[in-house]
Amino acid sequence: MKLQEFRGALDGFVPAPELEGRIAAALAVQPGRSARRRLPRAAAFALAAALALMCVTATAVAADPELRAAVLTFFHIGAAEQVPAPEGAASGRPEVSGGEIGGLVKAQYIQLDGSCRYTDDNLIYRTEFDPETGEVVPVEFWTVEDGRAVPVEPEINRSEIHAVHNGETFDVFFRWFRWNGRVHTLSVSRSMTWETDETEKSVYILGGHDAPEGKLLLELGTGSQTDYHTWYMLYDLETGEAEDFLLGTGAEELEGMWSAEWSDDLCRAVLTCGQMEDQRDYLLDVEAKTVTPLEELTGLDNVSAVFADDGTLLLFRFQEPETGPGPFTVTCWAYDLEAGTLGKTLDAVPQFSELDERPHGVLLMGNQIPYCVLVDEDGGTRIMDLTNRETVEIEHFTFDPAGDLIVSPGGTKLLYFVRDMDGKPRLKWKQLGVIDLERGTFLAFDREVPLEAEETVLAWLDDSRVVIRSRSLEDWEDQGIYLYEF
Amino acid sequence: MTDTDRWFEAAYRAYGPSVYRLSMVYLGRRADAEDVTQEAFLRLLRGGPDFPNGEHERRWLLRVAANLCRDQLRGPWRRRVTALEEDCPMPDPETFGVADAVVRLPEKYKGPIYLHYYEGYSVEETAEILHLGVSAVKMRLKRGREKLKLELEGTI
C-alpha cells in the first residue's frame, strides 16, 4: 500500500452534510459555551454520603424472588486527595512519601527517574530501551517496604525459543525472572512480530506465569489481518523445549484458526476460526483431546464466548435493537461445562452508552467476567454476577457516565474510577473508589491532580492495593507510581 | 445567530472532518462515527477548557473522539474483526479495499497510524494526543505499518 493510496482512501471518509446541522440542533438545547452545564460532582456525592450514613444496616432486599439481592453502603470521603506532581527522584533511586486520605485510604507516592515498570507483586524496575535490538532491558529493581524503596536483585535468565509448526520456524529469545514464585517475562528478541521472505510471524507469551513447573503458553502467529493464523505451544523453561499443545486434539483439522480464549488453568480454550459470516467457535478440552463446535455444545449460534471461571463459559449475543437506531442489546447465557447446563442471565438488555442522553443499560467489564453493572435511567446502580444473576444494589449512588469498574485479581472487589471529561485533558482520573463485595462497603474519594501531570496506568496491584502511574508533561522522563491501600 | 452558533460553525468546519475521519478509522460505521463526532463537540461545548489556540482545541477533540471510539470497541465482542460497512461510498473497489484494510487494523494501531500518517502529527504529538509513551507510539506505528504493508516513499 502506497502512502498516497492510504491517504486517498481516508479522504473518502467525509461526514454527511446534514451532520453539522444535527450537531448544531443538539447544541441548541445546551447552555452556551460559557455556561458550564455540569453541577459540581462534589455536591452530589456529599449528599449521597450523608444519605449513606443514615443507612444503618445492609439489609437483604428481595427485589426479584429469583435473585439473591443485597444492598451496599456507600461512603464518599469528604476530603479530596491532593495528588503530588511526578517530579522524579533526585537521589536516583525511588523516593517514597505518603499519607492518608480521610483517614481511610493509605496512599504512597513513589517518585522515579527514567522509564520504570512495576509488577503486580510489589516490584518496581527501571528499564532502558536498546534501539539496536529493540529490547527493553531491566536495569534496577526495588520493592517497597515500610515506606522505603528497598533494592533487590532477582536473577535474570535468558531463554531461547525454537519452535516449528506447519513447516514454519519461530526463533526468538526472551528474558525472565521469578519473583514471589511467579514468572515475569521481560522482552523478546527483535520485535514481537517480524517478516521473513515468505510470511509475517509473531510469538506471544500468553500464560502459564503462575505454573510452578515453569511452563509458558506460546501463541505462534503467521500472516496478518484476515490471513492471520495461530497455533499454540507449551514452552518448558527448564529444558527450553517447545511442545505442541494442540497435538492430537483435532484442532489440526480446523481451518483458519486465528484466536483462542484460554481458561486460567489452561485446560480448556475457545478456538475461533474463519472470518465474518464464516466465523465459528470451538471448545477445546486439552485433557480429553477433543474439539467440539460451540454451537453443537450449547445450541446457540452467533455468540461470543468468554470464560467466567475454569468451569463456566459466558456466551454473549449482541443485536441491533428492533426499534430503530440505538445501543445494541446484550443477551447472556452461562454454560456450566461440567454439568452441560445453560441458563440465560441477561435478556436483550440495552448496552450502556455514555453517548445517550440518559445513559442506562448494561455495562460489561471487558473480559473481566463475571460481573456486569446494570444502570437504570435515573443512574441507580446494581452489580450482577453473570454466572448466576446474584445482584448487589448500591444505594444512594448515581453512576457517572464516565465511570467504569475493574475486578480485583481475587474477584471480590471492584475498583470504581471516573475519568475526567470536563476539559482538563491532563487529569486522568478524578475519582477512585473500591467496592468490597464481601464486606458490603463502597468507599470513594475525589482526586485533584496537578495540571502538569498526566496519568497513564490504573490497575489493581493485588487484592487490597491499586496503582496509578503518572508522568510529567514537562519532562517525559519523570514518573510517579502511586499506590492506594483500601 | 448566537455566539454559540458562530463558535460551533467555525469549530466544526475546522475540525469536524478530522474528528469524523478518525472515528471512521476506529469504528468503520458512518452512524457510529457521526455519534462520536456529535458527542465530541457536545463535550467541547459543555466542558472544553479555554484553549490557547485552535491547534490545542483540535488535539483535544481528537483525543476525546479516540477515547469515545475505544469505549465503543470495548467488551468481549472486541476481538471480532471490525470492518468497513459494505455500502460506505468510495470511488472504486480498490479504494474501498484500502480503507477497509485500515479499519480492520487492530484497535491499538489505528490512532497512531491515522494521526501520524494522515494528519501529519509527529510521534511526540501523537503520543500526547493519545496519552501514550513515545516508544509505544513508535512501536505501534511500526507494527501497524507492517500490518498494512504501508510503503513510506514520499512520507512526511
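What percentage of the 486 residues in chain A is made up of buried residues? The share is 34%, where a residue counts as buried if 20 or more other C-beta atoms, placed from the backbone, lie within 10 Å of its own. The structure is a predicted model, in which local features need pLDDT of at least 70 and side-chain atom pairs count only at pLDDT 80 or more, while totals for chains, interfaces and linings use all residues. Residues are numbered from 1 along each chain as its sequence is written, and chains are lettered from A and ligands numbered from 1 in the order in which they are written.

Chain A contains 4 helices and 35 strands; helices (H or I, at least four residues) and strands (E, at least two) are DSSP runs numbered from the N terminus. Of the contacts in chain A with a separation of 6 or more, 41% involve residues 24 or more positions apart, a contact being two residues whose C-beta atoms, placed from the backbone, lie within 7 Å.

One sheet of chain A is open and has 5 strands in the order S3-S4-S35-S34-S33, with antiparallel pairing; strands pair if DSSP finds at least two bridges between them. Axes are lines fitted to C-alpha atoms.

Chain B has 7 helices and 0 strands, and its elements run α-α-α-α-α-α-α from the N terminus on. Buried residues account for 47% of the 156 residues in chain B. Residues 24 or more positions apart make up 62% of the chain B contacts with a separation of 6 or more.

Between the chains, helix H1 of chain A (residues 3-11) packs with helix H4 of chain B (residues 93-103) at an angle of about 90°, their axes lying 8 Å apart. For helices, axes are fitted over the stretch in contact, and angles run from 0 to 180 degrees between N-to-C directions. H1(A) and H4(B) are therefore roughly perpendicular, a class that covers angles of 65 to 115 degrees. H1(A) contributes Glu5(A), Phe6(A), Gly8(A), Ala9(A) and Leu10(A) to the contact, and H4(B) contributes Thr95(B), Val98(B), Ala99(B) and Val102(B). By class, this contact has 6 nonpolar, 2 polar and 1 charged residues; Ala, Val, Leu, Ile, Met, Phe, Trp, Tyr, Cys and Pro count as nonpolar, Asp, Glu, Lys and Arg as charged, and the others, Gly among them, as polar.

Technical notes
Parallel < 35°, antiparallel > 145°, perpendicular 65-115°, else oblique. Buried ≥ 20, exposed ≤ 12 C-beta atoms within 10 Å, placed from the backbone.
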